[in-house]
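Have the viewer open while you read.

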Amino acid sequence: MDTTTDSGRAPHTAGDTGPGPGRVPVLVVGGSLSGLTAAVLLARHGVDCLVVERRSGIGTHPRSRVLTARSGEVFRPLGLEPAIDAVSSRPSGWFHARTLADATYTRLGASGDPTLPISPAGSRLCDQNRLEPILLAEARRRGARVQFGCELTDFVQDPHGVTARILDRSTGRSRTVRCCYLLAADGTRSPVREALGIGLHGRRGEPRFLSTVFAADLDPVLHGRRPTAVVFPGREVLFARGTPRAPLWEYGVPDIPLVGGAREEELDRFARDRLRRVTGLPGLEPDVRSVLRWGASAVVAERFSEGRVFLLGDAAHTMPVIGGLGGNTGIQDAHNLAWKVAAVLRGHAGGRLLDSYDFERSRVAAHTLWHVLATARGLPEALDPETLQLGYLYPDPAGGPDAGPCEDPYRPTGRPGGRAPHLWLPHDGDRARVSVLDLFGAGFTLLAGPLGQHWLHAATRAAAGSGVPLDAYRIGGPQGSLRDPRRAFPALYGIRPDGAVLVRPDGHVARRWTTAPHAGTALEHVVREALERPAALPPEPVRNAA
């Protein structure tokens, strides 16, 4: 792929890229998990985008399995929870056994979903090839254009946009697309990243594994059990795939020398023999869907952006499969970037806002990768992958002291840069409940304490003065506010009853006022500042978990 970039960082303005043939505000390269999430979120913010994917359609291999609670919080306000629930299940836990036919299994770790007390979404087991069709349908429903069988062949940046060449692989014809921004979600080997000359920190392709996806009736040995995964001696693992109504299974084993140079039929025979042994069913005839050999890379890109091009998902970071954090981190990359791109294109924000994507997300990716590797090696410092993503802290937008890359999600502080804490509130006359996180829309959200009526008036003035969408709620006040019977909101968010917090569209706290004698002036100033903040801290380097 050929690419040309202008010197330095181009000013982030809409420039001459407007409606018309071959023109689109945002071009997304890659129509897998991260790219489709970006398309859905951009469309939610009213941004027209085009997604091009070189494959002929959605992939059929299950790939990523875990959908973390934080990713669930991304999809929850989009109304996608019912569709996702229909093709997923809740985690039941990891176990150890000699074979699947053992009378009892030894539980590894806690039972159930540890995120339910701190998230309205909770985690799910949802195969990527079942999630992607939901995202594809939603992206198209919202107006995004997704074209399969189309490949980016080269692109050129200039101060006003990006000119890209797209090849239709079915016809061999190329066309030119002009865009304001290019989002590269084109996978681990990312041609866009390589064209930009962006290097990687970490290790690629080692160690190697063999994975077999198959269908089989395992009820004779499961006896009604449905474990998330069973670990056998020799580092062999059997994962539950599909759904309880349409179960699939995936067997994984380190790629031992026996299969190092095996042909496809030999790999298939090897896998079948192993499946009969670990299931305890010597006569098992599994319906093998795929046998793959793959390398477990552990890398983070040197930077996540170059001019008007942004890397997300596997193009920016590739992680081992532990906890399914690679795909989930890509979902959250898109969540961080989409609202910022939309704010700049609408003229609500200056281009410096986009600089924050690199230093916020590269820091998260490096921290996540370290804990994944530490978990793999059994280090005591490793945090639980199920809860890790609920405690991330971006640097304080106001330039306050850096509190580190994460906090304990079970003891949230509500500090600026952190994910806004979850709190259930009564709703509809106590017949239902709503999470504080459910109040967040596509714009900024102001949450005021029970004595914060003045903040609501200030929010109205700030929205009118800045032109930025801003919703405001009072939590726990008198009639007309959201009820908080336990009076938990102020303490959870670290404010007094007359204080408030401003939350970004991606659910992270932009600013906090413990109390506010000058609410009107402070709020309008901070809304403008939150949309212009330049990078203040370098990304955290990748640490070695050895």
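The protein exposes about 22100 Å², and carbon and sulfur atoms supply 52% of that area (Shrake-Rupley method with a 1.4 Å probe; for residues, only the protein chains shown count as cover). This is a predicted model, where local features need pLDDT of at least 70 and side-chain atom pairs count only at pLDDT 80 or more, while totals for chains, interfaces and linings use all residues. Residues are numbered from 1 along each chain as its sequence is written, and side-chain values use heavy atoms, with hydrogens and water left out.

Of the 546 residues in the protein, 56% are buried (under 20% relative accessible area; exposed is over 50%, partly exposed is in between, with a 1.4 Å probe and protein chains only). Take the contacts (heavy atoms within 4.5 Å) between residues at least 6 apart in sequence: 70% of them join residues at least 24 apart. On the secondary-structure side, there are 13 helices and 27 strands (DSSP runs: H or I of at least four residues, E of at least two, numbered from the N terminus).

Now the nonpolar cores, meaning sets of buried Ala, Val, Leu, Ile, Met, Phe, Trp, Tyr and Cys residues joined through side-chain atoms within 4.5 Å. The largest has 102 residues, and F75, L182, L183, L502 and L523 touch the most other members. Helix α8 (residues 325-345) brings the largest share of this core, 10 residues. A second, separate core has 24 residues, including L218, F270, L281 and V288. As for L183, leaving aside residues up to four places away in sequence, its contacts include V28, F310 and L337.

Next, an open sheet of 4 strands, ordered β25-β24-β26-β27 with mixed pairing (a pair needs at least two DSSP bridges). Here are its two edge strands, each pairing on one side only:

| Edge strand | Residues |
|---|---|
| β25 | 470-474 |
| β27 | 509-513 |

Strand β26 (residues 500-503) runs antiparallel to β27, joined by 4 bridges, and L502 stands opposite R511 in β27. Helix α11 (residues 453-466) lies across β24 (444-448), β25, β26 and β27, running at about 175° to β25 (axes are lines fitted to C-alpha atoms, for helices over the stretch in contact, with angles from 0 to 180 degrees between N-to-C directions).

Finally, S119: buried or exposed? S119 is buried, because its relative accessible area is 1%. S119 sits in the loop between β6 (106-108) and β7 (124-125) and touches A69, E73, L390, R419 and H422, not counting residues up to four places away in sequence.
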